[in-house]
Amino acid sequence: MEKFKMQNSKDLAVVILAAGISSRLGNLTKQLLVYKNETLLKIAVKKALEISKDVFVVLGHEKNSCQKELESFNVNIIYNPNYKQGMGTTLSLGISYTKEFTHTMVMLCDQPFIPVSHYQ
């Protein structure tokens, strides 16, 4: 069986879902939780940029704080005003921006233990 590996493909867009409220965490914002000196949001974006130059980050809750966290990255930031209505609204909004791409991969911002090799 041949191993398929996609490397920084022009045919691939990555959509990172990072709009949720994280209500189970109380007053904490999951996207901005720090693990090994970096926020979960930054960790996800760095991994996505290893896979594709076309990264779309969908923000909602704490949009301004999250956007500030991404200032040094060349990514497309999308705001979901309907983020309180659930992940489905964030997913459909993100996908609507990637119709011109052959492939779209969806990542969640709160899974720092998934290695880049798994995404590839």
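The model is predicted, so local features need pLDDT of at least 70 and side-chain atom pairs count only at pLDDT 80 or more, while totals for chains, interfaces and linings use all residues. Residues are numbered from 1 along each chain as its sequence is written, and side-chain values use heavy atoms, with hydrogens and water left out.

The protein chain holds four helices and six strands. Helices (H or I, at least four residues) and strands (E, at least two) are DSSP runs, numbered from the N terminus. Along the sequence the pattern is β-β-β-α-β-α-β-α-β-α. Of the 120 residues, 40% count as buried. Here buried means under 20% relative accessible area, exposed over 50%, and partly exposed in between (1.4 Å probe, protein chains only). The chain exposes about 7400 Å², and carbon and sulfur atoms supply 49% of this area. Accessible areas come from the Shrake-Rupley method with a 1.4 Å probe; for residues, only the protein chains shown count as cover.

Strand 1 pairs with two other strands. Two strands pair if DSSP finds at least two bridges between them. Strand 1 and strand 6 run parallel and are joined by six bridges. Leucine 12 stands opposite histidine 103 of strand 6. Five bridges link strand 1 to strand 4, also in the parallel sense. In this pairing, isoleucine 16 has valine 57 of strand 4 as its bridge partner. Strand 4 in turn runs parallel to strand 5 (residues 76-79), with four bridges between them. Valine 57 is the bridge partner of isoleucine 77 in strand 5. Strand 4, helix 2 and strand 5 form a right-handed β-α-β unit. A crossover is right-handed if, with the strands pointing away from the viewer, the path from the first strand over the helix to the second runs clockwise.

Strand 1 is mostly covered, with seven of its seven residues buried. Leu12, Val14, Ile16 and Ala18 lie on one side, and Ala13, Val15 and Leu17 on the other. Both faces are covered.

The largest nonpolar core has 21 residues. A nonpolar core is a set of buried Ala, Val, Leu, Ile, Met, Phe, Trp, Tyr and Cys residues joined through side-chain atoms within 4.5 Å. Val14, Ile16, Leu41 and Val57 have the most contacts inside this largest core. Strand 1 (12-18), helix 1 (40-51), strand 4 (55-59), strand 6 (103-108) and helix 4 (116-119) each supply at least two of its residues. Helix 1 gives the largest share, five residues. Apart from this core lies another, of seven residues, including Phe56, Val58, Ile78 and Phe101.

Isoleucine 16 has contacts with Ala44, Val45, Ala48, Val55, Phe56, Val57, Val58, Met107 and Cys109, not counting residues up to four places away in sequence.

Helix 1 has 12 residues and should span 16 Å at 1.5 Å a residue. The expected span is 1.5 Å times one less than the number of residues. The end C-alpha atoms of helix 1 are 17 Å apart, which agrees. Its buried residues are Leu40, Leu41, Ile43, Ala44, Val45, Lys47, Ala48 and Ile51. Valine 45, in helix 1, counts as buried because its relative accessibility is 0%. Leaving out residues up to four places away in sequence, valine 45 touches Ile16, Val57, Leu70, Phe73 and Val75. Valine 45 and asparagine 74 are 29 residues apart in sequence, and their C-alpha atoms are 9.6 Å apart in space.

Most residues other than glycine have a negative phi. Lysine 36 is not a glycine, yet its phi is positive, about 50 degrees. This lysine 36 lies in the loop between strand 2 (34-35) and strand 3 (38-39). Lysine 36 counts as exposed because its relative accessibility is 66%. Glutamate 62 also has a positive phi, near 55 degrees. Glutamate 62 lies in the loop between strand 4 and helix 2. With a relative accessible area of 37%, glutamate 62 is partly exposed.

Histidine 61 is placed in the loop between strand 4 and helix 2 (63-69). Histidine 61 counts as buried, at 17% relative accessibility. Neighbours within four places aside, histidine 61 contacts Ala19, Gly20, Ile21, Thr29, Gln31, Cys66 and Tyr83.

Notes: Contact = heavy atoms within 4.5 Å.
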